[in-house]
Amino acid sequence: RACFKKDSSSSDGETHDYGLFDKGEGWKRHRTFLQTGMLDPVAARGFLPGIVLAAESASSVAPLHSHNVNEYMNYTAFDMFCSFMFGKQMNTTSTSVSTDPTVRGESKENEKFVTAALGVFDKTNSMNLFPLEFLMAKFFPWYKTTKYQALQDDWDTVRDIGLRLIYDFLDRYDRDE
């Protein structure tokens, strides 16, 4: 399966796969998969151990994050969420403080993903504090401010990596792994 499968056409003539934010069959498959996987008690017994493992892994390196507890909490939440959402241990809480270049190299994409995801939240919150950003987007939608472009870059990274992880998870699910 191509990780950049495109389902729908937007007003700009481009086609995009918006995953859970899409419509039609692509959206229905994602939503049905997540709904049954999130709400079913049998499924919960399957994903809870992964969340616990992510929390235990994060706990083991908590002292190394004493300089920035907020970052530690964000990375821990991200690792726990990814364990549930993608069925994969990201270990960004551990790898972000690792001094081993091999470990850092192997987890480069995971760290790029967490950095971009946190960047989306941070930039969105920051932009909400500046009415000019809102007004520019509303009245001059063709003009992209520097802040908006930085947000868009992070969003594109989250979307690309996230879709790849979702498709990988769906493929593993289809293979009963």
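This is a predicted model: local features need pLDDT of at least 70, side-chain atom pairs count only at pLDDT 80 or more; totals for chains, interfaces and linings use all residues.
## The protein as a whole

Read along the sequence, the protein follows the pattern β-β-α-α-α-α-α-α-α-α, with two strands and eight helices. Of its 177 residues, 35% count as buried, while the protein exposes about 11,300 Å², of which carbon and sulfur atoms supply 60%. Among contacts between residues at least 6 apart in sequence, 57% join residues at least 24 apart.

## Salt bridges

How many salt bridges does a search of the whole structure find? It finds five, and one of them joins K123 to D154, with the closest N and O atoms 2.7 Å apart. This pair links distant parts of the chain, since K123 belongs to helix α6 (residues 108–128) and D154 to helix α8, 31 residues apart. K123 is partly exposed, with a relative accessible area of 26%, whereas D154 is buried, at 15%.

Another salt bridge is formed by D168 and R172, at 3.0 Å from N to O, and both residues lie in helix α8, four residues apart, about one turn of the helix. D168 counts as partly exposed at 33% relative accessibility, but R172 is buried, with a relative accessible area of 17%. R159 also forms a salt bridge, with D160, where the closest N and O atoms are 3.2 Å apart, and D160 is partly exposed at 27%.

## Around the loop between α7 and α8

The loop between α7 (131–139) and α8 (146–174) contains F140, and T145 is found in this loop as well. Is T145 buried or exposed? At 11% relative accessibility, T145 counts as buried, because the cut-off for buried is under 20%. Leaving aside neighbours within four places in sequence, T145 is in contact with E133 and M136.

F140, by contrast, is partly exposed, with a relative accessible area of 39%. Together with F134, L135, F139, W142 and Y143, F140 makes a nonpolar surface patch of about 730 Å².

Notes: Residues are numbered from 1 along each chain as its sequence is written. Side-chain values use heavy atoms; hydrogens and water are left out. Patches are made of residues with over 30% relative accessible area and no salt bridge: like charges are joined within 9 Å, nonpolar side chains (Val, Leu, Ile, Met, Phe, Trp, Tyr) within 5 Å. Accessible areas come from the Shrake-Rupley method with a 1.4 Å probe; for residues, only the protein chains shown count as cover. A salt bridge is a side-chain nitrogen of Lys or Arg within 4 Å of a carboxyl oxygen of Asp or Glu. Buried means under 20% relative accessible area, exposed over 50%, partly exposed in between (1.4 Å probe, protein chains only). Contact means heavy atoms within 4.5 Å.
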